[in-house]
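User: I would like to learn how to read strands, sheets, helix packing and domains in a model like this one. Could you take me through them step by step?

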Amino acid sequence: MSDKGADVRRIHWIAALLACGLLAIGLACGGGDDEGSAGGETTTEATTGSGEGVQVGLVSDVGRFNDRSFNQSALEGLQRAEDELGITGRPVESRQTSDYVPNLSSLAREGFDLTIAVGFLLAEATNTAATRFKDSNFAIIDYSVKAPPFKTNPNVQGLTFATNENSYMIGCLAGLMAERQGGRQVISAVGGIKLPTVDIFIAGYRAGAKQCNPQIRTLIGYSQDFVAQDKCKEIALNQIAQGSQVIFQVAGGCGLGALDAAKERNKWGIGVDRDQSNLGPHILTSAVKRVDQSVFLTAEAVVNGEFKGGTDAVFDLENEGVAVGKISDQVPQEFIDRMNEVKDQLISGELTAPATL
Amino acid sequence: MSERQTTPDPPPGEVPSPAARFALFQRAGGIAAPILTAILAFFIGGIVVAVTGHNPITTYREIFNGTGLSWFFEVGSHQVGLPWSDASIWFPWNVNDAESEAAFNLQQTLLSATPLIFTGLAVAFAFRCGLFNIGGQGQYIVGAMVAVWVGSSWAGLASGLHIFLAIALAALAGALWAGIAGFLKAAVGAHEVITTIMLNWIAYWIGNYAFGQGGPLQNKVNESVPVSSDVVQNAKLPILWGDPLLQGLHMGFLLALAALVAYWAILNRTTLGYEVRAVGFSPEAARYSGISVARNYFLAMAIAGLFAGIGGACDILGWQFRLGVIDVQNSQIGFIGIAVALLGRNTAIGVGLSALLFGALLNGTSTRNLDPEVFQPELAGNLTLMIQALVLLFVGADILILWLFSRFRRLRRLPPAAPTTPEAAT
């Protein structure tokens, strides 16, 4: 081998190694600063808040914070708590399943007063973190602490939603609209994965429609998916072919496909979780799950020292944990009045909305 | 005069032989190109970070700290307990993850790198045979499904036997899954890209069905969630480092390192590996020399699937302990494995380092580590995806780098001198 070849080879090796070494050293040397470890919190301009010094963390599921529903709503609640109560909030986004436990435990380790986990996907991880960090408070959105895997965790509170109540109201409205329209008295619902938190919407919807329009028939379909829009669109189109006049989507991102189908065939669509009236004039209303309200009220409870671990907090029509979104202006006022009548009856207990199918 | 070489050096000023130049190009492209690819990708990522109004240096420093690789730079004086005894010895690094944030981050990085090593090997092994194994995701899922089924059954089995059974059956499942594509290629020439992608979707839907409401593998404890039964305590992999109650680094990491060694050994030290590589270089030439191309296509795919299946099993038995419909739907490990193998140039060391890089990226940009003041959490996830994509984009740029090398050499090479007498060369 010629010496020149050896020289050039050596130089390439040295150059490559030097580059890596310099890069690594440059990065690491800088890491000796005090801001080297994670732990920065967003500072806020506290207004009237008495929540100074209270730290609340929020851990999303793999849907991430820009999912336009669940996680985003929870983030909004945290931001509102920061503005109005003056707490320090820290949103932590999970991008894969292996992030759940480290996210929750790192917040607990930093001594956060409350760590909120968003959704049933984090149930196992929340149980693990709560068992390990017995002195930290946890809350889990849309899951009951009486359900497994939770056993007796005195430091975890479940935040559950009585979405059957606002769905009952919306079902009533849908029934009345179908009656006015005439034709086949059929409405329908498109669910994602068949879970209790999905069925609770549909159960209330079906019962409410029956209450206000005894001839109504409710079709129900499941796409087994919360993401792929084409699946829900397919189901919705089938339901429309069977005469459905109002499609209630309970399928998150997938459900947007169902609302699309309603738009195409000039039928009414009903949104879920957040107010989805901005999707178009075909949106009758939305069954809003005030996740943001639940986060805000729980943070407030921590500030006031009223956090009750080991139980479920129920968010319903009375404490505005569930609501009805913006109603289309094509709906006559008398229907809205009828709906509000039903609302009062639900709150007073005269009527009860079923929670299971 | 003594001769240290069998061939004399060419006289100074003459061009090295084409073989020597090609050997140099191969070696330079072997290690320098992937490193420069990664550096270039990070550089472009830094430009994008700067354009969004943040400081790229502090962002990357935070990311580096988040990966836990900064742990190696935190040298101090600590004690570490020896296994199976109460004694402890002096150790320059702090292994207590409750005290050292970097230790915890490093555990998570290595935890993320483990399945990437396996899926990277799955792609790399098939590639050595000239096959594109895009089915790493399906093979991983199939391995995970079998592992969770075996791991959650037979609670009374001894720990070692249970773990061995789970991993072995998962490996077999992954091998068979990939073997379908290998067999189709061998028997009728069906292109493995098509078949493996379709097999990915089949595995996806089997997972959806099996763990969904009323599915055969759904847990019986909480019938409202579409999740499998839990892996029993005996079947969980031992934790090497970290808190067993939280996600600690499990034995699967050692299995991954062993898999890297096995990959190298199979390819470079066995007849099977020789045949696989021969088919990879030229199927026609291999067939001419009597190697059965069809048999090697099948075996290469099967072994690739075996790696991915073991990866799935290690994840389930190591930290996940259950598998749900949402996990099957969201998992991307198999696809990141393709990037790992491409960046690692299908070599054992390359796949190992590249898996470490990707695992570090996934954890370093995690929002629990990034100070929101430095870089918005919502953007951090997109930064990872962007750097991954840039790495893939520049992987093809090794041609460019080799061209740069050749220009550099052309500048250095002196013009050929007049032929010198042999005496001047001694």
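This is a predicted model: local features need pLDDT of at least 70, side-chain atom pairs count only at pLDDT 80 or more; totals for chains, interfaces and linings use all residues.

User: Which residue of E4(A) does Ile116(A) stand opposite, and which one does Ala117(A) stand opposite?

Analyst: To read a pairing, one goes along one strand and looks across to the other. Ile116(A) faces Ala139(A) in E4(A), while Ala117(A) has Ile140(A) opposite it in E4(A).

User: How many of the residues of E4(A) are buried?

Analyst: Burial is read by counting neighbours, and here a residue is called buried if 20 or more other C-beta atoms lie within 10 Å of its own. Five of the five residues of E4(A) are buried, so this strand is largely enclosed by the rest of the structure. Both of its faces are covered, with Asn137(A), Ala139(A) and Ile141(A) buried on one side and Phe138(A) and Ile140(A) buried on the other.

User: What pairing does the open sheet with the order E7-E6-E8-E9-E10-E12 (chain A) have?

Analyst: The order and the pairing sense are separate things to read. The open sheet E7-E6-E8-E9-E10-E12 of chain A is made of six strands, and its pairing is mixed. Strand E7 (217–222) and strand E12 (322–324) of chain A stand at its edges with a single partner strand each, so one side of each is left without a neighbour in the sheet. Direction ignored, neighbouring strands of this sheet are turned by 15° against each other on average.

Strand E6 (residues 186–191) of chain A and strand E8 (residues 244–250) of chain A pair in the parallel sense over five bridges, and Ser244(A) in E8(A) is the bridge partner of Val186(A). Helix H6 (residues 196–212) of chain A packs on the sheet, touching E6, E7, E8, strand E9 (268–273) and strand E10 (283–289) of chain A, and its direction makes about 175° with that of E6(A). H8(A) also packs on the sheet, touching E6, E8, E9 and E10 of chain A, with a direction at about 160° to that of E8(A).

User: At what angle do helix H7 and helix H8 of chain A pack?

Analyst: Helix packing is read from the angle, the distance between the axes and the residues that meet. Helix H7 (residues 229–241) of chain A and helix H8 (residues 252–264) of chain A pack at an angle of about 35°, and their axes are 7 Å apart. The crossing of H7(A) past H8(A) is right-handed. The contact includes Ile235(A), Ala236(A) and Ile240(A) from H7(A), and Gly253(A), Gly257(A) and Ala261(A) from H8(A). By class, the residues of this contact divide into ten nonpolar, four polar and four charged.

User: Where are the domains of chain A, and how many residues of domain 1 of chain A are in contact with domain 2 of chain A?

Analyst: A domain may be built from separate stretches of one chain, which is how chain A is divided: domain 1 comprises 55–161 + 296–301, and domain 2 comprises 163–289 + 327–348. Their C-alpha centres lie 30 Å apart. Eight residues of domain 1 of chain A are in contact with seven residues of domain 2 of chain A. On the domain 1 side, the touching residues are three nonpolar, two polar and three charged.

User: Which helices of chain B supply the side of domain 1 of chain B that touches domain 2 of chain B?

Analyst: The domain assignment of chain B gives domain 1 (18–54 + 390–411) and domain 2 (101–374). Eight residues of domain 1 of chain B are in contact with eight residues of domain 2 of chain B. Helix H1 (18–51) and helix H14 (377–395) of chain B each supply at least two residues of that side of domain 1, and H1(B) gives the most, with four residues. This side has five nonpolar, three polar and no charged residues.

Note on methods:
Residues are numbered from 1 along each chain as its sequence is written. Chains are lettered from A and ligands numbered from 1 in the order in which they are written. Domain bounds come from an automatic or database domain assignment. Two residues are in contact if their C-beta atoms, placed from the backbone, lie within 7 Å. Ala, Val, Leu, Ile, Met, Phe, Trp, Tyr, Cys and Pro count as nonpolar, Asp, Glu, Lys and Arg as charged, and the others, Gly among them, as polar. Axes are lines fitted to C-alpha atoms, for helices over the stretch in contact, and angles run from 0 to 180 degrees between N-to-C directions. A crossing is left-handed if the near helix is turned anticlockwise from the far one by less than a right angle, and right-handed if clockwise. Two strands pair if DSSP finds at least two bridges between them. A residue is buried if 20 or more other C-beta atoms lie within 10 Å of its own, exposed if 12 or fewer, and partly exposed in between; C-beta atoms are placed from the backbone.
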